[in-house]
Amino acid sequence: MPPLMVGFDLDMTLVDSRPGIAAAYRALTARTGVYVDADAAVSRLGPPLRTEIARWFPPEQVEEAVVAYRELYPAYAITPTLPMPGAEAAIEAVHARGGRVMVVTSKIGRLAKLHLDHLGLAVDELAGDLFAEQKASALREHGAAVYVGDHVADMTAAKTAGIPGVGVATGPCTQDELRTAGAHTVLADLTGFPAALDRIIRLALRG
């Protein structure tokens, strides 16, 4: 039997990237002259970058703004980002059971890797630029047995991949919203993940 693979979302699941992303949006406003309400933007992290950019920029400027934001991101968004409570312990718990960890995120891979490297989060696989149902392809490819995320779209990803979804209510979605979206297990945050992991594994194996 291959080793257990557990998938995690990144923003607001493993890392609190709100301060850094807000700083990057403010830098984008300074560069382009187009106002972005950074505090509002970071209150709804999860969907692809273009979804948020399109709230502030006219359609013909969205792609240019996406490129500019990603150019600014390494300088502004990495250092202020912190691990979510319990993130390191959650990863260690998977590894302690002989498992592997993958991150599947809507953030493009090279920027996600900057966060993981900066925080020293020991991830075995990384798949970026995927959202909702799109994440299922990466989860299937790497044989993920469970997917952990903070957004209802993450529960959609797990459901599409045919694996249990574990919700953590640390992002924009409530515990009830995560359950309604199909989460098999909902945790207040990742601090409860190690204690729940054996039960989650049994759930995954039954699936």
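Which residues does Ala161 touch, not counting residues up to four places away in sequence? They are Ala136, Leu139 and Arg140, where contact means heavy atoms within 4.5 Å. The model is predicted, so local features need pLDDT of at least 70 and side-chain atom pairs count only at pLDDT 80 or more, while totals for chains, interfaces and linings use all residues. Residues are numbered from 1 along each chain as its sequence is written, and side-chain values use heavy atoms, with hydrogens and water left out.

**Overall form**

- The protein contains 10 helices and eight strands; these are DSSP runs numbered from the N terminus, with helices being H or I of at least four residues and strands E of at least two.
- The radius of gyration is 17 Å, which agrees with the value near 17 Å for a compact globule of 207 residues; it is taken over C-alpha atoms, and the globule rule is 2.2 Å times the number of residues to the power 0.38.
- Along the principal axes, the C-alpha atoms fill a box of roughly 55 × 30 × 30 Å.
- Of the 207 residues, 52% are buried, meaning under 20% relative accessible area with a 1.4 Å probe and protein chains only.
- Among contacts with a separation of 6 or more, 59% join residues 24 or more positions apart.

**Ala161 and helix α8**

- Ala161 lies in helix α8, which spans residues 152-161.
- Ala161 counts as buried because its relative accessibility is 15%.
- The buried residues of α8 are Ala153, Asp154, Met155, Ala157, Ala158 and Ala161.
- Their cover includes α7 (135-141), β6 (146-149), β7 (165-168) and α9 (175-180).
- After α8 comes Gly162, which has a positive phi near 75 degrees.
- Arg18 is 143 residues from Ala161 along the chain, and their C-alpha atoms are separated by 28 Å.

**The cavity**

- The structure holds one cavity of 30 Å³ or more; a cavity is a set of points, on a 1 Å grid over the protein atoms alone, where a 1.4 Å probe fits but cannot get out.
- The largest cavity has about 50 Å³ of space, a volume being the space filled by probe spheres set on the points, which are joined across faces, edges and corners.
- Its lining consists of Asp9, Asp11, Gly46, Thr105, Ser106, Phe131, Lys135, His151 and Asp154, each with an atom within 4 Å of a point.
- One nonpolar, four polar and four charged residues make up this lining; Asp, Glu, Lys and Arg count as charged, Ala, Val, Leu, Ile, Met, Phe, Trp, Tyr, Cys and Pro as nonpolar, and the others, Gly among them, as polar.

Definitions and conventions. On a 1 Å grid over the protein atoms alone, a cavity is a set of points where a 1.4 Å probe fits but cannot get out, and a pocket is an open set with protein on both sides within 12 Å along at least five of seven lines; lining residues have an atom within 4 Å of a point. Buried means under 20% relative accessible area, exposed over 50%, partly exposed in between (1.4 Å probe, protein chains only).
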